[in-house]
Amino acid sequence: MSPLMKSTFFLIATLTSGLLFAAENSADKTPPDTPAEPPAPITISTQHRLKANGTEIAYTATAEEIYLKDSDGKYTASFFTLSYTKDGAVKPEDRPITFVFNGGPGSASIWLHMGLVGPKIIDIPSDASDPGAPPYHLRDNPWTILRATDLVLVDPVGTGFSKALGEKDNEDFWGFDEDADSVAEFIRTYITKHNRWNSPKFILGESYGGIRGSMLVPRLQQELSIGLNGVILISPALNLGTLPFYVEGNDLAFATHLPALAAAAYYHQKLPDSWPDLQSLLAEVEAYAGTTYLAALFQGDALSASEKQKVAEQLHRFTGLDTEYIVRSNLRINAFRFSKELLRDEGKAIGLLDGRYQQDELDDIAEFPVGSPFDAKTGPIYVASFQNYLRNELGVDLTNRYIASNENAGPKWKRPSREVDAFAGYVDITADLAQGTKDNEKLRVFSAAGYDDLVTSYFATRYMLQHSGIDPSKMEIRNYPGGHMMYLYQPSLEKLSADIIAFIKEE
């Protein structure tokens with residue numbers, strides 16, 4: 001999975017990788033088979049003020065290191081986290097707290113932190129154009145959800161500045177269960193340290209964060225007795241069978257992604273016909289994808305040549321791709337190929353995570369894009385701005401590499417232990433989330449998706465949630481202009497923030 005998701009990081013001051021020994025002669029005092037104690041965890045707090053909707057918010061930003069231990073009391077991991085808490089004498093039960101993480105797997109929380117939820121956000125062009133070279137700038141975020149909830153940014157082990165400790169390696173935490181277990185334990189440790197057990201609690205995850213968030217629900221509620229008020233999903237992955245990664249023999253993924261392909265083609269004005277607006281187009285495509293198109297794919301080789309041609313012509317109307325190309329593709333438009341094919345005549349490719357982004361390609365005859373327009377246009381501005389913010393505004397000066405996206409994590413990610421490998425199919429975590437709403441009848445779910453996201457498409461998200469067994473009255477499904485990180489589009493940032501705040505404040 002591409003480094004779809006992303007996060008924040010932190011500090012260690014004097015910390016290097018591995019364990020530090022207490023003193024030069026510590027070997028003389030510590031038995032060789034006893035690991036040395038890590039240095040005392042670091043906490044750095046700074047006070048700030050922000051004006052949001054005419055109201056001034058005084059808040060504390062805390063960068064801290066939280067160590068996890070196993071049942072034998074041995075250190076296992078060091079989580080670096082950044083939190084924002086509203087100042088003032090407030091009882092824990094009167095102030096919600098939200099734990100925020102991105103996806104990947106292998107992504108830090110920098111993307112949600114500096115793009116949507118935090119008090120500062122990157123100043124990036126809203127129209128998906130190139131932000132250019134440094135210097136980049138941050139701006140106050142009057143739409144921050146700090147207006148309604150305290151925030152804890154979570155960087156899982158192997159991302160940001162978080163890492164394994166003691167006898168553990170980062171890879172020991174890279175798996176569906178291992179990751180969820182460690183993040184659940186981090187949340188338990190945090191609320192214990194900061195006296196937040198009785199606060200209303202929300203978890204907010206983007207992309208693979210949808211899987212992590214869903215797997216956290218039973219761990220927090222059933223195993224650790226930590227009640228949740230809500231789960232907020234941004235461009236979530238939940239059922240990998242609906243996403244474009246596993247398409248051999250899987251026709252569902254082609255149907256659930258057709259509307260997103262149409263949205264991207266509409267944005268780049270590549271459709272042969274015209275529609276009054278995007279919503280009119282998508283209403284027609286959605287109806288077709290879930291009926292005629294899916295039925296045609298289901299017939300496989302039994303579909304007649306004339307019917308195949310008819311479907312190809314309709315797909316041409318919705319995607320702008322050549323009818324002959326669609327026929328040769330056996331009516332199955334691969335989203336990764338589409339990102340190259342749509343603007344091939346211009347020598348350009350579009351972004352997978354956000355189809356609005358585009359850039360020139362060196363290889364005009366390649367099957368897939370050589371580069372990633374979205375990553376190229378957003379990665380440098382995010383990381384540079386965050387590093388500058390961390391040091392110059394929060395007082396955290398680290399020379400360690402901040403790992404925004406760990407490319408090593410995804411390929412080594414272990415499957416859920418409850419699956420039987422010989423018969424394991426697509427990972428589907430929707431049952432964990434759904435069961436959580438049965439165990440806790442007050443638990444609610446909010447989901448947001450962007451029309452131009454070609455990876456976790458909005459139509460796939462709707463399909464996953466509407467087939468999950470979650471009571472519709474406990475669930476809100478919202479769609480917005482933009483891509484995987486729809487909040488990079490200013491109108492979507494404002495609307496999404498308002499919708500999340502309304503969800504948190506709902507009784």
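Reader: What makes the radius of gyration of the protein agree with that of a compact globule?

Author: This is a predicted model, in which local features need pLDDT of at least 70 and side-chain atom pairs count only at pLDDT 80 or more, while totals for chains, interfaces and linings use all residues. Residues are numbered from 1 along each chain as its sequence is written, and side-chain values use heavy atoms, with hydrogens and water left out. The radius is taken over C-alpha atoms, and the globule rule is 2.2 Å times the number of residues to the power 0.38. For 507 residues the rule gives a value near 23 Å, and the protein has 23 Å, so the two agree. Along its principal axes the C-alpha trace spans about 80 × 55 × 50 Å.

Reader: Why are Phe202 and Phe503 called buried?

Author: Buried means under 20% relative accessible area, exposed over 50%, and partly exposed in between, with a 1.4 Å probe and protein chains only. Phe202 has 2% relative accessibility and therefore counts as buried; Phe503, at 1%, counts as buried too. Of the 507 residues, 56% count as buried.

Reader: How do you know that Phe202 and Phe503 form an edge-to-face pair?

Author: Rings of Phe, Tyr and Trp (its six-membered ring) pair if their centres lie within 6.5 Å; planes under 30 degrees apart count as stacked, over 60 as edge-to-face and the rest as tilted. Phe202 and Phe503 lie 6.2 Å centre to centre with 70° between the planes, and the pair is edge-to-face. By contrast, Tyr288 and Tyr293, at 6.3 Å and 15°, are stacked.

Reader: What makes the charged end of Arg444 one that sits over the ring of Phe503?

Author: A charge sits over a ring if NZ of Lys or CZ of Arg is within 6 Å of the ring centre and within 35 degrees of the ring normal. The charged end of Arg444 is 4.3 Å from the centre of the Phe503 ring.

Reader: Which residues touch the most other members of the largest nonpolar core?

Author: A nonpolar core is a set of buried Ala, Val, Leu, Ile, Met, Phe, Trp, Tyr and Cys residues joined through side-chain atoms within 4.5 Å. In the largest, which has 60 residues, they are Ile234, Tyr487, Leu496 and Ile500. Apart from that core lies another of 49 residues, among them Ile203 and Met475. Leu496 and Ile500 are also among the buried residues of α13.

Conventions. Helices (H or I, at least four residues) and strands (E, at least two) are DSSP runs, numbered from the N terminus.
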